[in-house]
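Colleague: I'm just starting out with structures like this one. Please take a close look with me at the part around the ligand, and go slowly through the terms.

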Amino acid sequence: MNQDQLKQAVARAALDYITPRLSSDSIIGVGTGSTANHFIDMLAEIRTEFDGAVASSEATAERLKGHGIPVYELNSAGTLEFYIDGADESNERLELIKGGGAALTREKIVAAVAKTFICIADESKMVGVLGQFPLPVEVIPMARSHVGREIVKLGGDPVYREGVVTDNGNIIIDVHNMDLSRPIQAEERLNQIVGVVTNGLFARRPADLLLLGTANGVQSIPRPGI
Ligand code: 5RP
């Protein structure tokens, strides 16, 4: 199977996982990216079995609406039973790097609200130590230079992502070569820099379940300890 087929397989596995656990008033949090897009397209098949969705980006909202799935504002949605999203990297504790698609802040907010965060990813995303993928950081535009200098002090190499404006009107700095061997500490340190909206480390709130697409099928990997 190629990478896209693995993404489709994990999207299908997520659909199979949540379907028997949904009720007619369930609202589902939905992520952003090519793996999440497969999930959205499959979600349309069970459209009548849940109430609607909360989207982690404008692109996801448009795709959901295109399938006739109602999209709610998070503030009016109340509880989210599930949040389903892809990732750029995962370690064995299901701590993630996300934000390759620049949607990290809304993704982190929706993940924070959801009872169960299901990460769907192909096996190329599984790593021993996070950080091969440059860590995205969403930054208020006027703080770009300041945040860059502070990232250098933390040992990272900041690279401004040219031409990208987030759904929140901010910029993205991708951090290369930073030591992320202690992901919670790195997440907290980066978030303390004035001007940082948030960073793409999902360590304080990791995934609860990873559905990993491999050549031998989809592996279901619960977070250790839960
Ligand atoms: C978007 C994300 C995506 O989940 C991440 O980039 C993975 O994308 P894909 O499913 O296309 O590989 O965090 O901000």
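**The ligand and its surroundings**

Modeller: Let's begin with lysine 98, where an N or O atom of the side chain lies 2.9 Å from an oxygen atom of the ligand. This counts as a polar contact, a pair of N or O atoms within 3.5 Å (within protein, one must be able to donate a hydrogen and the other to accept it, and residues adjacent in sequence count only if both atoms are side-chain atoms). Before we go on, please note that this is a predicted model, in which local features need pLDDT of at least 70 and side-chain atom pairs count only at pLDDT 80 or more, while totals for chains, interfaces and linings use all residues. Residues are numbered from 1 along each chain as its sequence is written, and side-chain values use heavy atoms, with hydrogens and water left out.

A polar backbone atom of glycine 99 is 2.8 Å from an oxygen atom of the ligand, and for threonine 32 a polar backbone atom is 3.1 Å from a ligand oxygen. The protein buries 91% of the 380 Å² that the ligand exposes when taken alone (accessible areas come from the Shrake-Rupley method with a 1.4 Å probe; for residues, only the protein chains shown count as cover).

Now widen the view. There are 17 residues around the ligand, and Ser34, Thr35, Asp88, Gly99 and Lys125 come nearest (near means that a heavy atom of the residue lies within 4 Å). This shell holds three nonpolar, eight polar and six charged residues. Here Ala, Val, Leu, Ile, Met, Phe, Trp, Tyr, Cys and Pro count as nonpolar, Asp, Glu, Lys and Arg as charged, and the others, Gly among them, as polar.

What space does the ligand take? It is the second largest pocket (a molecule sits in a pocket if more than half of its atoms lie within 2 Å of its grid points). On a 1 Å grid over the protein atoms alone, a pocket is an open set of points with protein on both sides within 12 Å along at least five of seven lines, and lining residues have an atom within 4 Å of a point. The second largest pocket contains about 170 Å³ of space. Its lining has 18 residues, with Thr32, Gly33, Ser34, Ala87 and Asp88 nearest the centre. Helix α2 (residues 34-43) gives the largest share of that lining, three residues. By class, the lining divides into four nonpolar, eight polar and six charged residues.

For context, the largest pocket has about 330 Å³ of space, and its lining of 14 residues has Ala55, Tyr72, Glu73, Leu74 and Arg106 nearest the centre.

Key. 1 Å grid on protein atoms, 1.4 Å probe; cavity = no way out; pocket = protein on both sides within 12 Å on 5 of 7 lines; lining within 4 Å. Points joined across faces, edges and corners; volume = space filled by probe spheres on them. Helix = DSSP H or I, 4+ residues; strand = E, 2+ residues; numbered from the N terminus.
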